[in-house]
Amino acid sequence: MDRTNKHLTANSRVLTFVESRRQITTAKMAAESELNSILIRRQELNDALDEGKEIKLKYRMVNVYTEFHEFSRKQIKQYEGTFKKFNINRSGYLDLTDLKRMMETLGAPQTHLGLKAMIAEVDEDGDGRLSFREFLLVYRKAQAGELSADSGLGQLAKLTEVDVDQVGVNGAKEFFEAKIEELSKKSKFEDEIRMEQEERKREEEGRAVRRQQFLEKASVFKC
C-alpha cells in the first residue's frame, strides 16, 4: 500500500513538473510571438518610410472607463458629449479646425500655433488630431494640476468643466449649452464694440487725410 502511494506521489510530481514546463514553454512562445510581431511591424514601418509610402497606424482598442478610473462614468459621458458636439464631421477625431471652432465658441480663441501646441501636448500617436482618449488626457492633466490656468488646454478644461454629480448628465448638457450661448453673446457684443472702434478709427484717419489734402491745396494757392 505504501509502495502504491509512493508511486502515485512520484507520478503526481512528474505530472506537476511536466505541466509547469508546458506552461512556461507556452508563455515563452507567446512572448516570442508578440516580440516577433512587434519587430515585423517595426520593419514594415521602416521599409515604408524608406520607400516614401504613407504609413497606416494601428491602434489598440482601449476602454476609457477602465483607463480613466479617476473619473466617474457620468463625467466621461459629459466629456464625450463635449467631444461629439465639436466633432462636426463625426470622424471620431478633433482636428485643428474643430479645436479652433471649440475655443472660439468658448470665448478663448487661440492662434494657429497655439492650437497646434494644444494638440501636440496630448497627441500621443502624433497624427495631428485628438481622439476621444487623447481628449480625456486634457482633463486628467487638469485634475493633476499639470496645466497652467492661462494655457489653451487649461482654459478648455476650465470652460467645459461641470460637476455632473450635482446636476446630472442632462443638467451638464444644459449647463454647457447655456455657457456656450452666454459666451457667444459676450463674443458678439465684444465684436460689435470692436467694429465700432474700427469704424471710428477709419473715420478719424479719413478726416486726417482730407485735412492734409486741404492744407496741401491751400499751400499751392499761397505760392
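## Overall layout

Take the contacts in the protein chain between residues at least 6 apart in sequence: 52% of them join residues at least 24 apart, where a contact means heavy atoms within 4.5 Å. This is a predicted model, where local features need pLDDT of at least 70, side-chain atom pairs count only at pLDDT 80 or more, and totals for chains, interfaces and linings use all residues. Residues are numbered from 1 along each chain as its sequence is written, and side-chain values use heavy atoms, with hydrogens and water left out.

The protein chain has eight helices and two strands, in the order α-α-α-β-α-α-β-α-α-α from the N terminus. These are DSSP runs numbered from the N terminus: helices are H or I with at least four residues, strands are E with at least two.

## Surface and burial

The protein chain has 223 residues, and 25% of them count as buried. Here buried is under 20% relative accessible area, exposed is over 50%, and partly exposed is in between (1.4 Å probe, protein chains only). The accessible surface of the protein chain is about 16,600 Å², with 54% of that belonging to carbon and sulfur atoms; areas come from the Shrake-Rupley method with a 1.4 Å probe, and for residues only the protein chains shown count as cover.

## Helix α4

Helix α4 spans residues 96-105, and its buried residues are Asp98, Leu99, Met102, Met103 and Thr105. They sit on the same side of α4, because they cover an arc of only 160 degrees around the axis, going by the directions from the helix axis to the C-beta atoms.

As for the ends, Asp95 caps the N-terminal one, with a side-chain oxygen 3.1 Å from the backbone nitrogen of Thr97. After α4 comes Gly107, with a positive phi near 80 degrees.

## Salt bridges

The structure holds ten salt bridges, each a side-chain nitrogen of Lys or Arg within 4 Å of a carboxyl oxygen of Asp or Glu. One of them pairs the side chains of Arg140 and Glu70 at 2.6 Å, N to O. Arg140 lies in helix α6 (residues 132-143) and Glu70 in the loop between α2 (64-67) and α3 (73-86), so the pair ties together parts that are 70 residues apart in sequence. Arg140 is partly exposed at 26% relative accessibility, and Glu70 is partly exposed at 27%.

Arg202 and Glu199 also form a salt bridge, with their closest N and O atoms 2.7 Å apart. Both lie in helix α8 (residues 164-222), three residues apart, about one turn of the helix. Elsewhere, salt bridges that share partners join Glu67, Glu124 and Arg133 into one network.

Notes
A polar contact is a pair of N or O atoms within 3.5 Å; within protein, one must be able to donate a hydrogen and the other to accept it, and residues adjacent in sequence count only if both atoms are side-chain atoms.
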